[in-house]
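Please keep the sequence and the structure in view while reading.

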Amino acid sequence: MLSAFVRAFRTPDLRRKLLFTIAIMVIFRIGSFLPTPGVSYPNVQACIEQSQGNDLLGLVNLFSGGALLKLSVFALGIMPYITASIIIQLLRVVIPRFEELHREGQSGTAKLTQYTRYLTIGLAILQSTTIITIARSGQLFSGCTVDVIPNDNWVTLLIMVITMTAGTGLIMWLGELITERGVGNGMSLLIFTSIAASFPTALWSIAGGDNGISKFVIVLAIVVLVIALVVFVEQSQRRIPVQYAKRMVGRRMYGGSSTYIPIKINMAGVIPIIFASSLLAVPGLLAQFGDPAAGWVQWVSRYLAQPSAPLHLALYVVLIIFFCYFYTAITFNPDEVADNMKKYGGFIPGIRAGRPTAEYLDYVISRITAPGSLYLAVVALIPTIAFIVLGVGQNIPFGGSSILIVVGVGLETVKQIESQLQQRHYEGFLR
């Protein structure tokens, strides 16, 4: 594999793409440290040391590479684009026009991408306004005694909203540049960069605590174990054989070939974990606006807002399993696949074309999603439970979701580099 990377850098075209991708990732990380106009950076640093921040913003802070709690230009990170993409994808089920655009091919996909960009900017304005409001009220850093926004007149606040929104637009543009001129999916690589950037700091903080070396070794072993599990499952797939009948078109014979439909065990990716984490954050958000002495506020704070609470963990597992089935049902349409196979003369051996094929595919998907959802729940819970037992903290950056994203993006990027190497040298990572 290392020799293949060396050959990739020796190939002029691939070398330019790799260096371009690395340069964009460096620019992205630099923007994560540039403070937004109107923010006192020394006060922000002091507040970060005094407080662990708001747990409800932990997911956004994770995808921004720690830029959110620094209130930097790229504070929102890639999260508005992810949210917009998910919303547009879900609206395909509700709005028939979106489904028609999806079926039109490249032109329809370009139109949906344009809608995603507009929605991203709108969400960025909304999220930046919310974050600035939370920062002004002091809830972003609980227990902090200094103001992170010393001058909070409306002109300064407007400039901050415009700057953070422009930062999100710039991130979106950088991601598209990587997709067009670099290697791999640009948005995924920026998420990979954000999450991986927090790993060294987290490991260093564990090694510097009480019994740091022993805890560091145990945490490292857990991370390696979870990575091995993720690689094994993400590479696994159920292959449904498909046979194409021979047909005459003019004077030429077409078809007669056999292929397969690859169905991954985890077709939903990390989306169910994101949905479950976001939904579980809602009760804690509502409790912040209630009376601290109220009974329901104390109950929510004790049983739902705490990541170590048994009820929180149980609901987390249930929501992951539910959203895994839900998102898989939205993204994979057995009727559409069966119709496309019938249109081109394809059939599954032993299964009639048309409705029986759709029912068979639905049967396979529902059965294979069961172990996939349990796998997601295990990956999400193993690091969390282990870190709580070890006492290294509950807000560990490399939880199950972050490891899943990093490994998944890494595997896809390596596959793309391998395919480009095979096009040029007919020799990839495996000889």
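## Aromatic pairs

The structure, which is a predicted model, holds five aromatic pairs. In one of them, the ring centres of phenylalanine 98 and tyrosine 115 lie 5.6 Å apart with the planes at 25°, so this pair is stacked. Phenylalanine 98 counts as buried because its relative accessibility is 12%, under the 20% cut-off, whereas tyrosine 115, at 29%, counts as partly exposed.

Another pair is made by phenylalanine 322 and phenylalanine 323, whose ring centres are 5.2 Å apart and whose planes stand at 65°, so the arrangement is edge-to-face. Phenylalanine 322 is partly exposed, with a relative accessible area of 48%, while phenylalanine 323 counts as buried at 13% relative accessibility. Together with Phe326, Phe322 and Phe323 form one aromatic cluster.

## Nonpolar cores

The largest nonpolar core has 54 residues, and within this core Ile273, Tyr316 and Ile320 touch the most other members. When residues up to four places away in sequence are not counted, isoleucine 320 touches Pro272, Ile273, Ala276, Ser373, Leu376, Ala377 and Ala380.

## Nonpolar surface patch

On the surface, Phe9, Leu19, Ile22, Val26, Ile30 and Leu34 form a nonpolar patch, and together these residues have about 520 Å² of accessible area. Helix 2 (residues 12–31) gives the most to this patch, contributing four residues. Leucine 19 is found in helix 2, and leucine 19 counts as partly exposed because its relative accessibility is 47%.

## The chain as a whole

The chain has 17 helices and five strands, and 44% of its 431 residues are buried. Among the contacts in the chain with a separation of 6 or more, 71% are between residues 24 or more positions apart. The chain exposes about 22,300 Å², of which carbon and sulfur atoms supply 63%.

Technical notes:
Residues are numbered from 1 along each chain as its sequence is written. This is a predicted model: local features need pLDDT of at least 70, side-chain atom pairs count only at pLDDT 80 or more; totals for chains, interfaces and linings use all residues. Side-chain values use heavy atoms; hydrogens and water are left out. Helices (H or I, at least four residues) and strands (E, at least two) are DSSP runs, numbered from the N terminus. Buried means under 20% relative accessible area, exposed over 50%, partly exposed in between (1.4 Å probe, protein chains only). Contact means heavy atoms within 4.5 Å. Accessible areas come from the Shrake-Rupley method with a 1.4 Å probe; for residues, only the protein chains shown count as cover. Patches are made of residues with over 30% relative accessible area and no salt bridge: like charges are joined within 9 Å, nonpolar side chains (Val, Leu, Ile, Met, Phe, Trp, Tyr) within 5 Å. A salt bridge is a side-chain nitrogen of Lys or Arg within 4 Å of a carboxyl oxygen of Asp or Glu. A nonpolar core is a set of buried Ala, Val, Leu, Ile, Met, Phe, Trp, Tyr and Cys residues joined through side-chain atoms within 4.5 Å. Rings of Phe, Tyr and Trp (its six-membered ring) pair if their centres lie within 6.5 Å; planes under 30 degrees apart count as stacked, over 60 as edge-to-face and the rest as tilted.
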